[in-house]
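Please look through the model below with these notes beside you.

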Amino acid sequence: MKKLRVVVLMDEDLVPPESLDGYSEEEVLQWKTEFDVLATLRDLGHEAIPLGVSDNLGVIRKNIVEWKPHIAFNLLEEFHGVAVFDQHVASYLELMKQPYSGCNPRGLMLAHDKALSKKILAYHRIATPRFAVIQRRRAVKLPQRHVYPLLVKSVIEEASLGISGESIVHDAQHLKDRVAYVHEELKTDALVEEYIEGRELYVGLLGNRRLQTFPVWEMLFKRLPEGVPNIATAKVKWDPAYQEEIGIETEAAEGLEPATVQAITKLCKRVYRVLYQSGYSRMDLRMTADQRVYVLEANPNPNLSYGEDLAESAAAVGVTYEQLIQRILNLGLSYRPRWYG
Ligand SMILES: Nc1ncnc2c1ncn2[C@@H]1O[C@H](COP(=O)(O)OP(=O)(O)O)[C@@H](O)[C@H]1O
Ligand SMILES: [Mg+2]
């Protein structure tokens with residue numbers, strides 16, 4: 001295998017130390033992905049260096065011009081403190097004609113705007129919860145046909161920011177309050193969706209043209225107290241003590257008919273394609289008791305930590321973490337934006 005020069009782009013605050021020694025679990029969690037990817041690229045024999053980025057494209061340009069990396073491994077989740085700006089960094093890499101890993105700018109842009117991606121899914125008749133967008137500084141006006149309960153979230157935020165039990169609303173007053181919360185606390189437009197009662201499923205995908213899907217993965221809530229909904233709130237995603245308390249486990253979804261698995265797999269590939277994704281991604285789905293599957297969102301460049309859902313579901317079909325990282329590199333190297341000619 002060819003030894004590559006790989007510049008790993010990451011948030012300036014997340015550049016990991018050389019070794020894990022002396023750091024608490026909590027500290028490691030902050031920059032675990034960055035650490036895992038760098039260490040694995042080196043284990044694979046590549047010359048990999050971290051490049052911390054905050055609000056300056058100049059450091060990227062300097063590295064590209066002077067060090068001439070074969071590929072930039074894109075782990076950026078924001079630029080200048082704004083999450084959706086990561087799409088512009090991918091655009092900049094394309095402007096520099098620099099091969100990079102992960103999703104292309106158009107795919108990032110579409111997925112970051114949940115309302116826009118849902119409109120595209122609707123055009124393709126792909127099931128996604130019915131929704132309305134409530135813009136900031138506008139009156140709350142919902143379509144006539146909405147049915148409670150509804151789930152209120154940010155139209156652009158990720159990582160379940162602002163999602164808690166309170167996000168599910170059963171009446172107009174709570175709806176107004178929660179929309180106000182999203183407007184005022186998260187400072188974004190609010191997405192109001194039909195709440196889908198059911199199982200919480202994830203599917204990892206890899207590819208540019210030919211796509212590979214990993215097994216359907218499920219988040220289980222094994223000790224959820226009565227009356228608490230099984231949704232992936234911020235606390236569920238990020239608080240290890242709470243995860244332990246309510247028995248959060250993610251594993252291969254059990255008891256699905258082969259035909260259902262096939263339908264879900266096909267659905268996820270369609271979503272990947274119609275949202276112009278490339279590299280790797282993870283789809284978030286809900287499945288109702290009568291097996292209707294709804295697409296919540298498509299996550300290009302999802303969490304790539306060792307032991308996280310994507311890596312675990314890949315491992316379940318024999319793709320080791322090293323192989324996963326190498327495949328992502330290869331996909332980045334072979335990706336050609338259509339407009340390059
Ligand atoms: N319409 C919905 N119905 C049921 N649960 C939902 C709905 N929207 C979001 N959720 C819950 O909230 C979680 C986070 O929502 P998601 O849209 O995936 O945003 P994020 O980008 O923060 O991950 C989901 O994994 C799911 O558990
Ligand atoms: Mg999600």
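The numbered points below go from the basis of the model to its parts.

1. This is a predicted model, in which local features need pLDDT of at least 70 and side-chain atom pairs count only at pLDDT 80 or more, while totals for chains, interfaces and linings use all residues. Residues are numbered from 1 along each chain as its sequence is written, and chains are lettered from A and ligands numbered from 1 in the order in which they are written.

2. The chain is assigned domain 1 (5–100), domain 2 (130–194) and domain 3 (197–320), with bounds that come from an automatic or database domain assignment. Taken over C-alpha atoms, the centres of domain 1 and domain 2 are 34 Å apart.

3. Around ligand 1 there are 17 residues, of which Pro129, Glu193, Ile196, Ile231 and Ala232 come nearest; a residue is near if its C-beta atom, placed from the backbone, lies within 6 Å. Because domain 2 (130–194) and domain 3 (197–320) both give residues to this shell, ligand 1 lies between them.

4. Three strands (DSSP runs of E, at least two residues, numbered from the N terminus) form an open sheet in the order E2-E1-E3, with parallel pairing, where two strands pair if DSSP finds at least two bridges between them. Strand E2 (47–53) and strand E3 (71–74) are at the edges with a single partner strand each, so one side of each has no neighbour in the sheet.

5. Strand E1 (residues 5–11) pairs with E2 in the parallel sense over seven bridges, and arginine 5 stands opposite glutamate 47 in E2.

Definitions and conventions. Helices (H or I, at least four residues) and strands (E, at least two) are DSSP runs, numbered from the N terminus.
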